[in-house]
Amino acid sequence: MKNLPLLFCGIFFALAFSFVGLILSSHIQLGSLTQTTETLVPSDADETVLVMVEGDPLYPAQPVGFAQQGKDVYISMGCIYCHSQQVRRADFGADIDRGWGPRQTVPRDYILQDRVLLGTMRTGPDLAHIGGRPLNADWHHLHLYNPQITSEGSTMPPYAFLYETREIDGAPSADALQFAVDSEYGPDAGYEVVPTRRAKALVEYLLSLKINYSLPEAPILE
Amino acid sequence: MSEEEKTPEPSSESRESLEHAAMQDGDMQDVHAQLMREKEEPHEGFSPVPIFLMFVFAALCFWGGVYLVEHSGGYRWDAYSPDFDPNAGAPKPVEIALFDRGAKVYRNQCAQCHQAEGLGVPGVYPPLAGSDWVTGHPQVTARILISGLNGPIVVKGNTYNGNMPAFGSSGLALSDKDIAGVITYIRQEWGNSASDVTEETIAEYSNLYAGRSTPWQAAELKEDLGPIPEVAPLVTEATEAAPAVEGEAATKEAAH
Amino acid sequence: MSAPQSNTQNQSPYSSANEAVRAELSVIDASIRSAALFFVISAITWLMIGTVFALLTAFKSHDPDFAGAYEFLTFGRVRSAHLNAMALGWGNNIIFAVGLWIMARLCRAPINHKGILLIAGVFWNIGLTVGIVGILMGDLTSVEWLEIPHYATPLLAISYALIGVWGVMAFRFRKGDHVYVSQWYILAALFWFPWLYVVAQIMIIWFPARGVVQSVTNWWFAHNVLGLWLTPMALATAYYLIPKVLGRPIYSYYLSVLGFWALAIFYNWAGVHHLIGGPVPVWLISAGIVASIMMVIPVIVVGINHHMSVVGLHKEVWRSPTLRFIVFGAISYTLVSIIGSTMALRTVNEVTHFTHFTVGHAHHGVYAFFTMIMFGGVYYMMPRLLKREWPSATLIKLHFWACALGITIMVVALQVGGWIQGLEMNNAEIPFIDTVQNTIPWLKARSVSGLFLTVGHIAFAINFFWMLFAAGAVRAKQGPTLLDDSKEGGAA
C-alpha cells in the first residue's frame, strides 16, 4: 500500500464510518428528544397518534439554580470517578433491587443535563436516584464531612474542607452539623461545624437527583 | 570499527548527505559503532494468510451479523433491552406482595441501623425482633415511621435514646406503599407474627399526621389510638395459640 | 562483528551492509536527535510525575484519610491528574519521540525545521502543565479522558497540529517505493487522533450535545485514544523493531494488511461497550459488542505475524533489552485484547462493569502493552541518537523485572478483586459497604504493585540520565548493552 491518496482515503473512511454510524446517528435519533408527560394518550384527531396528556407535568424536570451550582461542585471534586448515575434494567445487575432507582434510566432522563455524568465506576453506589432515597440533607452533610460517621468502613474520602469549623457565637447555627453525642468526629467543645456554600449547593444537587417519574418508553412498574 | 569509510557515489543525494556526515568526523566512529551492528531495515515476507484464519473471520462476521439483527431492537430509539419485542405492548405493572416489598425497603433503608436480623445495636438502635412496639397496634409503628421518634424508649427491657428520622411526607418521603410494606415485613419476620398493614391504612395515618413536624416521644405513642384496622390476621402457630393476648399486652405496657 | 544477516535477503537494498543506507540513517538520526531527545526527556519526566500521582491515588483508594485534608489532592482530582499525566505526558511525548523517529527512518527523510517540532513540544508540555495544575485546582471537566480544563486544551491542540503535520509531511516526501506497515499505522494514528480530539472537545465541552449523545461521543473518543492512537503507535514500534533487531522479515505482508484494515474498521465502533446496560438505545450497544468481538481478528493476525517473526530466536529476544520489553508488550497485546473482547459479552459485562476489573484492564493495555513496548523503543533508539551505550545492564534488568512483576500483580489483583466486587454488587442481599470492604485487600495489592513499578521507573530514569550526562564514562564502552554475560556481539 504505497499510494498516499488511496491510503488516506481508507484511513479517513474508516473513522468516518463510526463517526457517522455512532455519533451522528445517535445525534439524529436522540438529539431532538424533549420533555414529555408520564404517559401518552391517543389524540382526539387521530387515534393512532399518541400525544401528551394536557395539564400533566413534564419530565424530566428542569434542573433548578442552586442545585446546578452543586453540580459544579460535584464536577470539581471528581465525584463521577467513584459514582455512576445510571440505573440498569431489572434483569441486568441488581440496581433496581438495591433501591438505586424504581426503573431503568433511559436517554430522555438526561436531555436537560448540560454535562451528563453517567460515570463508569461504582466504588460507591449509583446516585441517579439518590434524592429519592430517604437520606436527608443532614445525613448528606455528615456523610460528606466524614463518610465514616454514617458509613463506617467506607473508602470515600472526607470532604471536611467543604465545611468550616468555628467557635459557637451565642447560639449554635441552624445549619451546624448534628453529631452524635460523644462522637469522635465532632468538633471540640464550644465549636460547631457549618457547611460552606459549596457544601450546601452540593447537597441540594444530590437531593435533586430523582428518577421518581415514569416515561412513556420507561414506565415505573413496581 | 576504526576503518575509514569509503565513499561510493550511487547518487548525488547520497553524496551530499555523506559530505554532510563527513563534516562531523569525530562522530563518524561512534555512528558506525551502533549502525554497523544494525540489521537491515525491516521489510515484510510474503507468507500467505492461514486458511483457518479466513474461516474464523467468516464465522465471526456471520455471528456478528446475526447478533446485530437479533439484538438491536429494530434500531429504534426507544428500545433499551436486547430482547426488545415491539409487539409486546405496554408492560404491566408488577404487583409485589406487601411482605416482599417491605423486605426490600428494610434491606435498603433500615438494616443499616436495625440490622439484618432485626436485633439492633445494643445501646444505640433498638431491636425489632420480639418487640411489642412492632407487633402491637399498627398505628404505633406507623406514627414512628411517618413522623419519627426521639427521646428515651424502653424496648425489651433496655433503654434507647436515639433519633429515628421521619420517613413520611414531611421527612424522608417513603411512599405509603413502601411504609405499609416495611411495617408488614417487620411485623412478620424474625419470629414476629402480627397482621398485615395495608396501603390504605397507611394513607389514612399519613393524612392524619401530614401536618405534624415534631417526632413522637415514647410516652405519647400509645395515646389516643384509633381502632385496630380490619385485616385478616396472619395465621401462624403463634397467633393460633394467642390471638387476643397481644392487643391487651400492648395497652398494658404503656410505659414499659 | 554483527550476528549473521538473515539469509533470505542478502542483496536487499535496505541491508545495512550498504554504506549509503547506513550513512543516510546516521544523517536521519542526527537530524532528529534534538527533537527526539526533548520528547524522551519530557516523557520520562511526566512518567515520574504520573507515578507520584499514581501512588497517591492507589493509597487513597484503600485509605481515604491519606492526605485527606487537602482539597487539591482529593481522590477525584489526583486520579484525573494521574491519568492525564500518563496519557498525555508520558504517552504522547514518548509517541512523538519514538513514532516520529521510526517514521523518519522509514521515510528515509531527515527532518527539516526541527525548530518547529521543539517549539511545539515545549508548548505541549506547557499546556499539559497548566492543564494538570488546573485539574488539581478543581477545574477538571469530569469527562473521562478529557479532564484537561478548557483553557489548556487549545494549546494542546495547536502543538499537536504542528507535530502531526510534520509526520504527515515526512510521509509525503518519503523516498523509496515501498511503504512499510509501521508507516501505515503511524500515518493513520497521526490523522485519527486530532479528529477524535476535536470532535470530542466540540461535542462535549464547547457546544455540548443533548443528553447521552455526549456519553456516546465520550466513549467513542476515549476508547479510540487507546485503539486508534496508542495501539497503532505501539504496533508500529513493534513492527519496526522486532524484524530490525532480529534481522528477519516480518512473517506476512498480507497479514499486516488484514490486521491494519480490520483494526481501522472495527476498533472505532467498539467504544460503546463502555455503555453496556446504560441509557442508550440497544442497537448502539449491540454494534459496539459486535465490533469488540470482531477485534479478535486483527489481534490474532498481529499475534501470528509477530510470533512467526520471532519463532526460533527466543534467546536473541531474551538477550536484547529492546526485544525483551517489546515482546512482553506484544504478548500482552494479545492477552489484553482477548480479555477485552470477552468483557464486551453481556453476561460477562454484567459482572465486570463498574468494577475494578475495568481499571485492571485499562492498565493492562496502557502499561503492559503500550508502555512496555515504548520502553523497548527507547532502549533501541537512544544509542543511535546519543552514539553511546546504556551504562548499566543491571538497571535494565531491574527495570524489566520490577515492571513486569508490578503490572502482572496489578492486573491480577484488580481483575480478581473486581470480579468478586461485581458478583457481590449483583447480589442485593449483600450490603453495599461489604462490596467495598472486600475490595480493600486487592487494592492494597495494587498499591504494592505500584511500588514495584515505581522502582522500575526509577531504575529507568537513572540509567537514562546517566547515559545522557555522564558522557565520558559510557562513550568508551564497546558493544551493545545486552542482558546476559555472553561476549558475542549481536542485536541490541
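Modeller: A residue counts as buried under 20% relative accessible area, as exposed over 50%, and as partly exposed in between (1.4 Å probe, protein chains only). This is a predicted model, in which local features need pLDDT of at least 70, side-chain atom pairs count only at pLDDT 80 or more, and totals for chains, interfaces and linings use all residues. Residues are numbered from 1 along each chain as its sequence is written, chains are lettered from A and ligands numbered from 1 in the order in which they are written, and side-chain values use heavy atoms, with hydrogens and water left out.

A salt bridge is a side-chain nitrogen of Lys or Arg within 4 Å of a carboxyl oxygen of Asp or Glu. Over all chains, the structure holds 26 salt bridges.

One of them lies in chain C, where E144(C) and R79(C) meet at 3.9 Å, N to O. E144(C) is in the loop between helix 3 (114-139) and helix 4 (153-172) of chain C, and R79(C) is in helix 2 (residues 75-107), so the pair ties together parts that are 65 residues apart in sequence. Helices here are DSSP runs (H or I, at least four residues), numbered from the N terminus. E144(C) counts as buried, at 8% relative accessibility, and R79(C) counts as buried at 17%. Elsewhere, salt bridges that share partners join E38(B), E41(B), D29(C), R105(C), K244(C) and R384(C) into one network.

In chain A, R122(A) and D95(A) form a salt bridge of 2.9 Å, N to O. Both residues lie in the loop between helix 2 (65-77) and helix 3 (137-145) of chain A, so this pair ties together parts that are 27 residues apart in sequence. R122(A) and D95(A) are buried.

In chain B, R212(B) and E220(B) meet in a salt bridge of 3.5 Å, N to O. E220(B) is partly exposed, with a relative accessible area of 25%.

Between chain C and chain A there is one salt bridge. It joins E71(C) to R198(A), with the closest N and O atoms 2.9 Å apart. On the side of chain C that touches chain A, helix 5 (residues 181-206) of chain C gives the largest share, 11 residues. The contact (heavy atoms within 4.5 Å) takes 92 residues from chain C and 74 residues from chain A.

Definitions and conventions: Helix = DSSP H or I, 4+ residues; strand = E, 2+ residues; numbered from the N terminus.
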